[in-house]
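Let's take a walk through a protein structure together, one topic at a time. Keep the picture in view as you read.

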Amino acid sequence: MNLTFYLKLKQILRYIIDNARWRTLLLLWITLMANNNGFTQAIITDSIPKYKMIAPTMLMFGFELLGPAYTLISEQRSGWELEAALDVYRYFIVYDYGAEFFDFQKDTYNYSSEGTYWRFGADINMIPRDEYGSLLYFGLRYSESILTEKMTGKVFDKQWGTTYFTSLNGNVNARWIEIVAGMRAKIWKELYMGYTLRLKTSLRLSGDQELESYRIPGYGLASESSFWGVNYYISWRFKFREKYTVPQKE
Amino acid sequence: MRKRIIISIFTLFIVSACVDDELCAGKGTNEIKLLFVESGTETRIEVALDSIAVSGRPEHYPVIADTTVSALTLTVDPARTLTQFIFYAKHKTDTVLYGRIDTLILSYEVTPKLISVQCGPELIFSDLNVFKFTFDSLQIIESHFLPEVETNLKIYY
């Protein structure tokens, strides 16, 4: 009887101690988190108003280099692209606008594609405290292109001989999503250079489809459901004011 | 700073070299596969054909000549979206051998496609439909033009 009572008492005490330990740890963690947040909040709200923290400090205006390079070295491809990026705290709101032209002339066909495209999205800067204002970022874009394609050519069939065709896609609309990552490094004063790697995916086409689309300006090969791309930029930073930075947590 | 420029330019050349990889793989075919079956029983039968002609294209006569088949592959005209086949058959009963003429008009879509800059164009055929026929009956089994399809049309004879 005494032994049974003793064992039950021991079991109850163990349960209370164990639970108390977890509760204490949980409480301690919550307290620390609360204190930590309170500390951070105090820095932001007490010393610098929050709107100043998120208000834009610069506009980065970029010019893409691969398009003009293709224009100079290739007879088949040309293009240009401009980029504007506005910072909001450690994020960037980005808008790109550009145009691409393709012209392939071969013995059996002539194909041309031309159109404009735009991208809109946001990046998160992974090094917001960099002393040179350099960027290392990743983000998302929604992109659209309006294009015209034309192809004339001939195909040979062993039964029917040579068939000649002319096809025109007058007004095709292409939409896709991009996952981007890239960097901009400070070169001189407010001049930056860098690149953006793009994983383009979820391509949707609508409009005239007399011809199966081949090259989509800003996207690449229409037959690919996802497509890698790179753009290389030279940018100038128009700085409005100094950036307020949050002290790193201890 | 110089190091950053060198790394950036190096990355430019490495990555841009991978941008325009293109593969040559045409998938278009204008072949349709026919299967002759007996009306009512749906059993596969053999049909003795004198010839098959294509209306309006005498230069391609005959597309098939003097053969006995239960399944047949024909190609549709890539220059048009309708092809009219005329089947001249010897129909054999127990005692009599007499001729039979049937017409089959197929409709389809033809869309040019550039496979790649190197490979050039091809024609993609799609949406196979029967516009008109004089056979007993007919069933579309597969409306896509694909090399791996066994039967596009089942003809009840």
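Predicted model: local features only at pLDDT ≥ 70, side-chain atom pairs only at ≥ 80, totals over all residues.

**Charges on the inside**

Which residue forms a salt bridge with Asp96(A)? The partner is Arg119(A), and the closest N and O atoms of the pair are 3.0 Å apart. Arg119(A) also counts as buried, because its relative accessibility is 1%, and the cut-off for buried is under 20%.

Arg141(A) forms a salt bridge with Asp123(A), with 2.8 Å between the closest N and O atoms. This pair links distant parts of the chain as well, since Arg141(A) is in strand S5 of chain A and Asp123(A) is in strand S4 of chain A, 18 residues apart. Both Arg141(A) and Asp123(A) are buried.

Next, move over to chain B. There, Asp102(B) forms a salt bridge with Arg100(B), and their closest N and O atoms are 2.7 Å apart. Asp102(B) is buried, with a relative accessible area of 2%. Arg100(B), at 18% relative accessibility, counts as buried too. Some salt bridges share partners: in this way Glu81(A), Asp96(A), Arg119(A), Glu178(A) and Arg198(A) are joined into one network. Over all chains, the structure holds 13 salt bridges.

**Where the chains meet**

How many salt bridges does the rule find across the interface of chain A and chain B? The count there is zero. The rule does find six residue pairs in polar contact across this interface. On the chain A side, seven residues come from S6(A), the largest share. The residues on this side divide into 21 nonpolar, six polar and eight charged.

The contact as a whole takes 35 residues from chain A and 36 residues from chain B. About 3,000 Å² is buried between the two chains, and carbon and sulfur atoms give 66% of that area. Three residues stand out here: Trp160(A), Glu212(A) and Tyr214(A) supply 26% of the area that chain A buries against chain B, more than any other three residues.

Leaving aside neighbours within four places in sequence, Leu74(B) is in contact with several residues, among them Ile32(B), Leu34(B), Val63(B) and Phe85(B).

Most residues other than glycine have a negative phi. Tyr89(A), though not a glycine, has a positive phi of about 60 degrees. Tyr89(A) lies in the loop between strand S2 and strand S3 of chain A, and is partly exposed, with a relative accessible area of 32%.

Ser202(A) is not a glycine either, and has a positive phi of about 55 degrees. Where is Ser202(A) found? Look for Ser202(A) in strand S7 of chain A. Ser202(A) is partly exposed, with a relative accessible area of 36%.

How values were computed: Residues numbered from 1 in each chain as written. Chains lettered and ligands numbered in written order. Heavy atoms only, no water. Contact = heavy atoms within 4.5 Å. Buried area = accessible area lost by both parts, 1.4 Å probe. Salt bridge = Lys/Arg side-chain N within 4 Å of Asp/Glu carboxyl O. Polar contact = N/O pair within 3.5 Å; in protein donor to acceptor, adjacent residues only side chain to side chain. Helix = DSSP H or I, 4+ residues; strand = E, 2+ residues; numbered from the N terminus. Nonpolar A, V, L, I, M, F, W, Y, C, P; charged D, E, K, R; others polar. Buried < 20%, exposed > 50% of the residue type's maximum accessible area, 1.4 Å probe, protein only.
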